[in-house]
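Keep the structure open beside you as you read.

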Amino acid sequence: MIGRIWTAYTVELRKALRSASTYVGPVLVMLAVAGALVVHPVDRDGASDYGFVAYATPLALNLLGIFMTLVFCSGLVASELSHGTIRMVLVRPLLRREFLAAKLLLGMTYALGLVVLVAASAWGTAHALGDTAGVGYGGEILYTTSQMRWAYGAGMLLSMAPFAAAVSYAVFISTLTRSTGPAAALSLGLWLLVEGIKHPLGIEAYVFSTYLETPWRVFSGRVDLIDTAWFPEAKYCLGVSLAMALTFAFLSVYVLNRRNLNE
């Protein structure tokens, strides 16, 4: 089974790399990082520019990054259903759940690519144009460069939890429709609806999008000379995000198994 999933994933990855639309998200998040210089300029003035990294990263990932992940993943299954190619794919000894697993892996690869690209762009900009020599106050270094890098790296890993939930959610929506456009519209529309009602209904603790900022709080806190703890927020972020990722993955399998692919 693992071999079939891996083979299907590599095929999907090659298809994605050949599609021009795949590169829209990466270009947009890099532009967002560059645009952050307007609000948070950096300069070689002896002062740490980690503040730029702390500002640019959530700006690029939690707005454009999550948006483009939803759009990209919403079309992963819907496009196959629309063109009927899913029937040819499943002619091989590939089960529907294995087909979905390959799609989920592709979505996670896309999300990871955005996270890594934003990190490289933000840190590269701060290093090239400014100073990244630790965070200090009154001539004393409170957080060394190594400590800041570890905090950011841990944030990158933790950020993949809500992104995994977003990928799984968008793939689930993709199994419900037969066209990429409606799938993306439904995915984004429901996302915005939940964002608008989760606080009035008091359900925000159970929605993975609530935790998009959580991975970056420790790094941002250190920039502001605040010793922010990882837990319990990181635990909630992991628990809720992974629970929702698994839930949407199982729902995707259930829906696709019940679909008549010959319609």
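**From a loop to the core**

Begin with Leu225, which is found in the loop between H8 and H9. This is a predicted model, so please read each feature below as part of a prediction. Leu225 has a positive phi of about 65°, although this residue is not a glycine.

The peptide bond joining Phe231 and Pro232 is cis, with omega about 15°.

The largest nonpolar core has 63 residues, and Phe52, Val53 and Phe219 are the ones that touch the most other members. Which helices each supply at least two residues of this core? They are helix H1 (2–18), helix H2 (24–39), helix H3 (50–83), helix H5 (96–129), helix H6 (145–176), helix H7 (180–201), H8 and H9. H3 gives the most, with 14 residues.

For a close-up, pick Phe219. Leaving aside residues up to four places away in sequence, Phe219 touches Tyr50, Val53, Ala54, Trp123, Met148, Ala151 and Tyr152. Finally, look for another core, which lies apart from the largest one and has 5 residues. Leu158, Tyr211, Cys237 and Val240 are among them.

Conventions: Residues numbered from 1 in each chain as written. Predicted model: local features only at pLDDT ≥ 70, side-chain atom pairs only at ≥ 80, totals over all residues. Heavy atoms only, no water. Helix = DSSP H or I, 4+ residues; strand = E, 2+ residues; numbered from the N terminus. Core = buried A, V, L, I, M, F, W, Y, C linked by side-chain atoms within 4.5 Å. Buried < 20%, exposed > 50% of the residue type's maximum accessible area, 1.4 Å probe, protein only. Contact = heavy atoms within 4.5 Å.
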